Amino acid sequence: MTGPLDMAWIDTALAAARPQAMGALLRYFRDLDTAEEAFQEASLRALTAWPRNGPPAIPPPG
């Protein structure tokens, strides 16, 4: 079973992604509450999937 210390990397990754993700969600939804809800939903999905599969690969820019 994975303990809280083993999951710390997920919290760090989500915290680092939050500003950029929220900016994109705000531009898309044009509503702070909806953007926040969408980020929370995505975070819950990440907390479920990432411990099993790891985070998704991010393609290099360009």
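Glu-41 is partly exposed, at 40% relative accessibility, where partly exposed denotes values between the buried class (under 20% relative accessible area) and the exposed class (over 50%), computed with a 1.4 Å probe on protein chains only. The model is predicted, so local features need pLDDT of at least 70 and side-chain atom pairs count only at pLDDT 80 or more, while totals for chains, interfaces and linings use all residues. Residues are numbered from 1 along each chain as its sequence is written, and side-chain values use heavy atoms, with hydrogens and water left out.

Glu-41 forms a salt bridge with Arg-45, with 3.2 Å between the closest N and O atoms; the term requires a side-chain nitrogen of Lys or Arg within 4 Å of a carboxyl oxygen of Asp or Glu. Arg-45 and Glu-41 are four residues apart in helix α2, a separation of about one helical turn. Helices are DSSP runs (H or I, at least four residues), numbered from the N terminus. Arg-45 is exposed, with a relative accessibility of 59%.

The count of salt bridges is two. Arg-18 and Glu-36 also meet through their side chains in a salt bridge, at 2.4 Å from N to O. Arg-18 belongs to helix α1 (residues 8–29) and Glu-36 to helix α2 (residues 32–53), so this pair ties together parts that lie 18 residues apart in sequence. Both residues are partly exposed, Arg-18 with a relative accessible area of 34% and Glu-36 at 25% relative accessibility. Arg-18 is also placed over the face of Phe-39, 5.5 Å from the ring centre; for this assignment, NZ of Lys or CZ of Arg must be within 6 Å of the ring centre and within 35 degrees of the ring normal.

Aromatic pairs number two. Rings of Phe, Tyr and Trp (its six-membered ring) pair if their centres lie within 6.5 Å, and planes under 30 degrees apart count as stacked, over 60 as edge-to-face and the rest as tilted. Trp-9 and Trp-50 are stacked, because their ring centres are 6.2 Å apart and their planes are at 15 degrees. This pair links distant parts of the chain, with Trp-9 in helix α1 and Trp-50 in helix α2, 41 residues apart. Trp-9 is partly exposed at 35% relative accessible area, whereas Trp-50 is buried at 17%.

The rings of Tyr-28 and Phe-29 have centres 4.8 Å apart and planes at 85 degrees, so they form an edge-to-face pair. Tyr-28 is exposed, with 66% relative accessibility, and Phe-29 is partly exposed, with a relative accessible area of 35%.

Note on methods: Helices (H or I, at least four residues) and strands (E, at least two) are DSSP runs, numbered from the N terminus.
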